[in-house]
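The report below is a first reading guide to one model, meant to be followed with the sequence and the structure side by side.

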Amino acid sequence: GPSTGAAPRVPVMVGLVGSPPRQRRAAPATRRRSDPGLDADLRAWHDADPTRPRIAILGPVTVEAPGHPPTERLRFYAEIITYLAARGQRGATTDQFDEDLWPHQPVKATSRRVAVARARRWLGETPTGQTWLPDATADRRYRLRDGFLLDWHLFRRLRSRGESRGPAGAGDLHQALALVRGAPLAGADVAYSTAARNPYVWLPNSDIQPHHLASAVVDTAHRLVDLSLDGGDVAGARWAVDQAWLADADQASDITWRDLLRVAAAEGNLAELDHLLGDLMRARDAEVPEDLDRETFQLLCELMPNRIGTTTR
């Protein structure tokens, strides 16, 4: 309909590639419509809908699918499914598939076909009887049929919708973070045995590079901490920090340390602030607070002026 000019025009970017004109016209109406299938997909994920493959990578890799799981080499076939899920609509040519899964090794076409057939059997069929992993098409590409569920995709869609809603988006950010079970793809690249192929060698060049996923979780948790503290929900802010540290198990990001310092300060917990400062200095091998990241040091000066402002080199 015509734009009244009253509704805030917020750019809605939820992976809708294609026609910007149509997007622009739709934006002034309700922003929720930007991802109409999200709530249904989320329900299917949480209810473990038996008709749709569910691939989880925000933690150790798990695959649940309507078909028959293989009796052996489960991790290998889960890797094939994860690889194709990560590649999404662009899929993988047979050559890309071979090079990514068996780099610098000659692979017999029959070996690949057997591997794909077992992954296909595990994925099973859609309710209308189509295989979730069709045969390599005329363009010699393997790709999963639309409708599979990947927790990382759900995470990104929830984060996009949450960000488009401003302060009202805290619930979406919470739902996104609730999908996190541990460090992304934890343990996936650990070799099965000295004799076996190395698993997940394609990860560093993929869209699901674990460090990238962990950073996205940390960033999303930070946004939820901001919204929670603004709304006086200190417990919600602390939960967001816990979820960030599930993904960033080495506690490498200073963003989350700063968030936790802010949570402790919001609770007026001076003992915890003191304790956190000690933990952080040990973690960062800092002799004095000034050795810490500049932004972190500035925050400490604000939160603990009596303790930090008086220390000098």
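## Phenylalanine 97 and its surroundings

Leaving aside neighbours within four places in sequence, phenylalanine 97 is in contact (heavy atoms within 4.5 Å) with Ile80, Tyr83, Leu84, Ala92, Trp102, Arg112, Val116 and Tyr142. This is a predicted model, in which local features need pLDDT of at least 70 and side-chain atom pairs count only at pLDDT 80 or more, while totals for chains, interfaces and linings use all residues. Residues are numbered from 1 along each chain as its sequence is written, and side-chain values use heavy atoms, with hydrogens and water left out.

Phenylalanine 97 is found in helix H4 (residues 94–101); helices are DSSP runs of H or I with at least four residues, numbered from the N terminus. Because its relative accessibility is 0%, phenylalanine 97 counts as buried, a term for under 20% relative accessible area, with over 50% called exposed and values in between partly exposed (1.4 Å probe, protein chains only). The C-alpha atoms of phenylalanine 97 and arginine 141 are separated by 8.8 Å, although the two residues are 44 residues apart along the chain.

## The largest nonpolar core

A nonpolar core is a set of buried Ala, Val, Leu, Ile, Met, Phe, Trp, Tyr and Cys residues joined through side-chain atoms within 4.5 Å. The largest one has 80 residues, and those touching the most other members are Ile55, Ile80, Leu84, Phe97, Trp152, Phe155 and Ile208. Helix H3 (residues 74–87) gives the most to this core, with nine residues.

Tryptophan 152, when residues up to four places away in sequence are not counted, touches Ile57, Leu58, Asp207, Ile208, His212, Leu213 and Ala216.

## Helices H6 and H7

Helix H6 (residues 151–164) packs against helix H7 (residues 170–178) at an angle of about 165°, with the axes 8 Å apart; axes are lines fitted to C-alpha atoms, for helices over the stretch in contact, and angles run from 0 to 180 degrees between N-to-C directions. H6 is therefore roughly antiparallel to H7, where angles over 145 degrees count as roughly antiparallel, under 35 as roughly parallel, 65 to 115 as roughly perpendicular and the rest as oblique.

On the H6 side the contact involves Phe155, Leu158, Arg159, Arg161 and Gly162, which meet Asp172, Leu173, Gln175, Ala176 and Leu177 in H7.

## Helices H8 and H10

The axes of helix H8 (residues 210–230) and helix H10 (residues 254–266) come within 10 Å and cross at roughly 20°, and H8 and H10 are therefore roughly parallel to each other. Their contact is made by Val218, His222, Val225, Asp226 and Leu229 of H8 together with Ile255, Thr256, Asp259, Arg262 and Ala266 of H10.

Terms used
Helices (H or I, at least four residues) and strands (E, at least two) are DSSP runs, numbered from the N terminus.
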